[in-house]
Each structure stands twice: as structure tokens, then as C-alpha cells.
Amino acid sequence: MAEVESSPSGLQEDEAKPPWPLAWRLAWGQLLSWGVLYYAFTALSAPIHADTGWSRPVVHGGLSLGLLSWGVFALPVGMWIQRRGARDIMTLGSLLGGVAFASFGWVQEAWQFYLAWVAVGAAMAALLYEPAFAAVIQAFGSRFRKGIVLVTLIGGFASTVFLPVSHLLTEHFGWRQACLVLGAGVAFIGVPLHRLGIPKLPSHRDSPTPPPLAIAESLGAFRNDFRNRSFVLLALWFTLHTAVFSGLIFLIVPAMTASGAEPASLLGAMALIGPMQVLGRLLLAAHGAEFSAVRTGRWAMIVLTLSLLVLVFLPPTFGWLACFGVLFGLGNGILTILKGTAIAEFFGSERYAELNGAIAAPAMLAKAAAPLLLSAVWEHFASPHWVFVSLLCLVLVGLAAVCALGRQGRSRGG
């Protein structure tokens with residue numbers, strides 16, 4: 001396993017103090033950014049539909065376009081962070097995301113709504129998890145797991161905090177004013193938090209290569225990466241997990257309701273997912289800072305498999321739905337951390353940011369496509385049951401990828 005020999009300042013691991021203040025600032029930034037740019041839309045979509053008269057597919061198409069934009073910008077963001085650090089791009093992401101989200105409050109036409117979502121997607125690529133993980137890797141050195149665990153622990157409360165906040169703002173002031181307030185929060189809190197809170201990348205890490213040549217070098221390196229079996233298996237694993245999470249979150253309520261689940265039981269079970277994600281991360285943190293991404297990931301994927309077996313084969317009673325919520329939350333919470341640590345374990349920190357961006361790009365495209373493709377499966381078979389069968393198949397392929405990754409070993413030459 002490739003490990004970082006020293007901290008970015010050049011101090012040996014036993015001499016360097018982990019930069020916990022940086023991790024805390026990144027963690028609060030993730031709470032804010034995830035809460036507004038990703039989760040707030042859940043509370044806003046129905047009021048937007050009711051007020052504008054746009055159909056639900058039109059309204060939710062904005063989110064899909066934002067996720068697609070996230071995937072398109074993931075790799076350029078990673079390449080930027082690799083050469084210049086995360087401070088400038090996360091600062092710009094906070095400004096762009098805040099302005100774009102606030103602009104929802106002014107849009108009158110669907111095309112304006114979609115244009116704002118493209119900007120929000122670009123901001124998500126510059127802010128959500130992957131850039132923060134890269135900043136942790138650059139600052140923490142070989143202790144990166146500790147920093148990533150902290151960032152994901154705090155970020156895991158984003159939906160818990162911002163879903164009710166978004167709902168209350170909408171109830172009291174209307175959805176347009178809620179967008180203005182939430183967007184202003186991202187800009188006025190996120191910009192100084194990232195600009196002043198993230199250190200500039202040390203000068204010896206800055207690339208002396210002119211930008212065109214640097215891009216050409218990166219593209220040449222990517223060609224080798226795509227021939228590396230370990231890289232391909234990691235990308236497959238993360239892409240399938242992201243597709244499963246996205247498809248399940250957006251379709252489980254209508255699909256399970258159509259399958260006979262009581263809405264109250266279903267929502268009660270769904271409410272368990274967030275706390276269980278945090279519990280999974282706490283359990284991983286308690287296990288120690290030297291956990292293996294492959295060994296831990298194998299167990300996490302098995303837990304996800306069990307959660308989907310519940311949905312496919314067992315009746316939709318509250319007890320079984322609660323069992324699903326616990327299992328799915330635990331597995332997904334752990335996998336979020338592993339997405340931040342696995343690349344560094346396999347390939348070290350030298351090209352972490354751009355490799356992370358390269359793997360995040362197909363994962364975000366899968367996040368955008370999964371709800372649409374699974375809806376098509378439902379339509380084709382005329383049964384919501386096949387949505388969960390399809391998700392189970394995706395998880396099983398992802399589990400196979402993790403197992404193959406373990407057999408492959410952690411050699412760069414894969």
C-alpha cells in the first residue's frame with residue numbers, strides 16, 4: 001500500500017501535529033454546502049412545482065442537470081486542486097454556489113431554472129467531499145484517514161440540519177425567499193470559511209510546467225490509469241455504489257408505496273438512514289485510523305446487499321423497512337469515508353486530487369442517470385419490484401469489483 005511518508009510541511013509523521021483546525025473548517029463547510037446545494041431541494045421541489053406550474057419532471061430535471069454538471073466539472077476541478085490546492089477553487093465554488101442557488105428565487109422561466117442548476121452543479125463539483133478530501137490529503141499526510149473521518153462525520157448531519165431549516169424557511173417566507181436566504185448563507189459563510197481557512201498550497205508543490213503542457217501530461221497519465229486494473233475496479237465500485245444510492249433515495253418512496261408500504265412506516269424507516277450513516281462512521285473511527293479500504297469496503301458492500309435483499313424478498317412492514325434503513329445507513333456511511341481513503345491507499349497522495357476527480361466524474365454521471373434509468377425499468381416491466389432487483393444486481397457487481405480489487409493487490413502497475 002502506498003503511504004505518504006511525511007506531512008506537506010516536510011515534517012516526519014511523529015513530529016507533525018495533525019492540522020485539526022483545517023479539518024474542522026472543512027467539516028463545517030461540508031455541512032453547509034451539502035445541506036444547501038444538495039439536500040435543500042428536497043424541501044423546495046413541491047413548492048416550486050405548485051407555484052410555477054412546471055411539471056414534476058421539469059422541476060426534478062433541474063436536479064438531474066445539476067448532477068450531470070457536477071460530473072462534467074469533477075475532473076477539471078481535481079486537476080486544478082492537484083496543481084494549485086483547494087483554497088481558490090472551494091472559495092470560488094462557495095461564491096458560485098451561493099449566487100446560483102439564490103438565483104432560484106428570481107427565475108421565471110424553466111430555462112433560467114436549468115441554467116442556474118448548471119452553475120449549482122459546477123459549484124458542487126468544487127465543494128462537495130472530493131475537494132475537501134483532497135485538501136485533507138494534502139495537509140494531513142499519512143494521517144489522512146483521521147481527517148476524512150471527521151469531515152464525513154460532521155457532513156453527515158447536513159440533511160438532518162438543512163431539511164427542517166429549508167422547510168421552515170419555505171413555510172414562513174416562501175420558496176423564493178428561502179432560496180435567497182440559503183444561497184446568501186453559502187456565499188457569505190462559505191467564501192471566508194474556505195478562503196481564510198484553507199492554507200495556500202506550499203510553493204514546492206506548485207507545478208512549474210506551463211498549463212498546456214501540464215494538461216497534456218495529465219492526459220497522458222490518465223491513459224495509463226485507464227489501463228490499470230486497480231484504477232478501473234475502483235472506478236467501477238464507486239460508480240455502482242453512487243448509482244445505487246442515487247436511484248434508491250429518489251425512487252424508494254414512490255416504488256415502495258406502489259408495492260404496498262404504508263407511507264408513515266416507510267418515512268419512519270427512511271429517517272433511520274441518516275443517523276445510521278453517522279453511526280457507521282463512528283464505528284469505523286472507533287476501529288482505528290489504519291483500516292483497509294478493501295477489507296472494510298467488502299463488508300460494507302455485503303451490508304448494502306443485505307439491505308436490498310430485505311426490499312426484494314421481504315414484506316414492506318415497518319419492522320423489515322426499519323431493518324433496511326439500519327443496514328443501508330450503516331453501509332453507506334462507511335462507504336462515504338472509503339471513497340476518500342481508497343485512492344490514497346492504492347496510489348498515494350502525489351496525484352490524489354486529479355485521480356479522485358477522474359473517478360468522481362463517472363460516479364456523478366451515474367448519480368444523474370440512475371433515477372431516470374430505473375424509472376425506465378419500472379415502466380418497462382410495469383412493476384416497482386424490478387427497481388429493487390436492478391439495484392440488487394448493481395450492488396452485487398460492485399461487491400464483485402471490491403473482491404477482485406482485493407485479489408488484485410495494491411500495486412500501481414495492476
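**Gln-277**

I began with the neighbours of Gln-277: beyond the residues within four places in sequence, Gln-277 is in contact (heavy atoms within 4.5 Å) with Phe-245, Gly-329, Leu-330, Asn-332 and Gly-333. Gln-277 belongs to helix H12, residues 273-287. I take helices (H or I, at least four residues) and strands (E, at least two) as DSSP runs, numbered from the N terminus. Is Gln-277 buried or exposed? Gln-277 is buried, at a relative accessible area of 9%. For burial I use these classes: buried is under 20% relative accessible area, exposed is over 50%, and partly exposed is in between, with a 1.4 Å probe and protein chains only.

**Ground rules**

I note that this is a predicted model, where local features need pLDDT of at least 70 and side-chain atom pairs count only at pLDDT 80 or more, while totals for chains, interfaces and linings use all residues. Residues are numbered from 1 along each chain as its sequence is written, and side-chain values use heavy atoms, with hydrogens and water left out.

**The whole chain**

I find 16 helices and zero strands in the chain. Of its 414 residues, 57% count as buried. Among contacts with a separation of 6 or more, 85% come from residues 24 or more positions apart.

**Helix H6**

Next I looked up H6, residues 144-155. Its twelve residues should span 16 Å at 1.5 Å a residue, and the end C-alpha atoms are 16 Å apart, which agrees. The expected span is 1.5 Å times one less than the number of residues. How many of the twelve residues of H6 are buried? Eleven are, so H6 is largely enclosed by the rest of the structure. The buried residues of H6 include Phe-144, Arg-145, Gly-147 and Thr-152. I see the buried residues of H6 packing against H1, H5, H7, H12 and helix H14 (318-347).

**Trp-24**

Trp-24 is partly exposed, with a relative accessible area of 38%.

**Helix H8**

H8 (residues 175-197) has 23 residues, which should span 33 Å at 1.5 Å a residue; the end C-alpha atoms are 31 Å apart, which agrees. Where is the kink in H8? The kink, of about 30°, lies at Gly-190, shortly before the proline Pro-192. The bend at a residue is the angle between axes fitted to the seven residues ending there and the seven starting there. Gly-190 is one of the buried residues of H8, along with others including Trp-175, Arg-176 and His-194. Their cover includes helix H1 (20-52), helix H3 (87-103), helix H4 (110-127) and helix H7 (158-173).

**H2 against H15**

The axes of H2 (residues 56-84) and H15 (residues 352-381) come within 7 Å and cross at roughly 175°. Axes here are lines fitted to C-alpha atoms, for helices over the stretch in contact, and angles run from 0 to 180 degrees between N-to-C directions. H2 and H15 are therefore roughly antiparallel to each other, a label that takes angles over 145 degrees. H2 brings residues including Ser-64, Trp-70, Met-79 and Arg-83 to the contact, and H15 brings Tyr-352, Glu-354, Met-364 and Lys-367 among them. I sorted the residues of this contact into 15 nonpolar, five polar and three charged. Here Ala, Val, Leu, Ile, Met, Phe, Trp, Tyr, Cys and Pro count as nonpolar, Asp, Glu, Lys and Arg as charged, and the others, Gly among them, as polar.

**Val-58**

Val-58 is also in H2, and it is partly exposed at a relative accessible area of 27%. Apart from neighbours within four places in sequence, I find Val-58 in contact with Ala-110, Phe-113 and Tyr-114. C-alpha to C-alpha, Val-58 and Phe-113 are 9.6 Å apart in space and 55 residues apart in sequence.

**Two positive phi values**

Most residues other than glycine have a negative phi. Tyr-129 has a positive phi of about 55° although it is not a glycine, and I find it in the loop between H4 and helix H5 (130-140). Ala-382, not a glycine either, also has a positive phi of about 55°; it lies in the loop between H15 and helix H16 (385-408). Tyr-129 is buried, at a relative accessible area of 9%, whereas Ala-382 is exposed, at 66%.

Definitions and conventions: Parallel < 35°, antiparallel > 145°, perpendicular 65-115°, else oblique.
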